[in-house]
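Biologist: I have a new chain on my screen and would like to learn how to read it. Could you take me through it step by step?

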Amino acid sequence: MRMRYRVHRLKVKMTEDARELERFLNGLEGEVVSIIPNVNSDRPGMFSYVDFLMIVEKLN
């Protein structure tokens, strides 16, 4: 049996989008395998932030 996956890209502001993330995750058809944050920084040594999440979903 061949496993099928879907990868989603969700743009987020970590301080504001908790409800949006919850809504998105609850709306998925399959099982969440991984959530990978894209950590970004404007300049090395400065404040880092997450600008989007990659969400891997395993489909049945």
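Modeller: Gladly! Let's begin with charge: Lys and Arg count as positive and Asp and Glu as negative, while His and the chain ends are not counted. The place of a charge is taken as NZ of Lys, CZ of Arg, CG of Asp or CD of Glu. In this chain there are 10 positive and 9 negative side chains, and the centres of the two sets lie 5 Å apart.

Biologist: What should I know about the model itself?

Modeller: It is a predicted model, where local features need pLDDT of at least 70, side-chain atom pairs count only at pLDDT 80 or more, and totals for chains, interfaces and linings use all residues. Residues are numbered from 1 along each chain as its sequence is written, and side-chain values use heavy atoms, with hydrogens and water left out.

Biologist: Which pattern does the chain follow along the sequence?

Modeller: Helices (H or I, at least four residues) and strands (E, at least two) are DSSP runs, numbered from the N terminus. Here we find one helix and three strands, in the order β-α-β-β. The radius of gyration, taken over C-alpha atoms, is compared with a globule rule of 2.2 Å times the number of residues to the power 0.38. For this chain the radius of gyration is 14 Å, well over the 10 Å that the rule gives for 60 residues, so the chain is more spread out than a compact globule. Its C-alpha atoms fill a box of roughly 45 × 25 × 10 Å along the principal axes.

Biologist: How much of the chain counts as buried?

Modeller: Buried means under 20% relative accessible area, exposed means over 50%, and partly exposed is in between (1.4 Å probe, protein chains only). By that scale, 22% of the 60 residues are buried.

Biologist: How many salt bridges does the structure hold?

Modeller: Side chains of opposite charge can pair when their charged atoms come close. A salt bridge is a side-chain nitrogen of Lys or Arg within 4 Å of a carboxyl oxygen of Asp or Glu. This structure holds two. In one of them, Arg 6 pairs with Glu 57, with 3.9 Å between the closest N and O atoms. That pair links distant parts of the chain, since Arg 6 sits in strand S1 (residues 4-11) and Glu 57 in strand S3 (residues 48-59), 51 residues apart.

Biologist: Is Glu 57 buried or exposed?

Modeller: Glu 57 counts as buried because its relative accessibility is 1%.

Biologist: Where do Arg 23 and Glu 20 lie?

Modeller: Both are in helix H1 (residues 18-26), three residues apart, which is about one turn of the helix. Arg 23 is exposed at 52% relative accessibility, whereas Glu 20 is partly exposed at 32%.

Biologist: Which residues does Asn 40 touch?

Modeller: Contact means heavy atoms within 4.5 Å. Not counting residues up to four places away in sequence, Asn 40 touches Phe 47, Ser 48, Tyr 49 and Asp 51. Asn 40 lies in strand S2 (residues 31-41), and Tyr 49 lies in strand S3. The C-alpha atoms of Asn 40 and Asp 51 are 6.8 Å apart, though 11 residues separate the two along the chain. By contrast, Tyr 49 and Val 32 are 17 residues apart in sequence and 23 Å apart in space, C-alpha to C-alpha.
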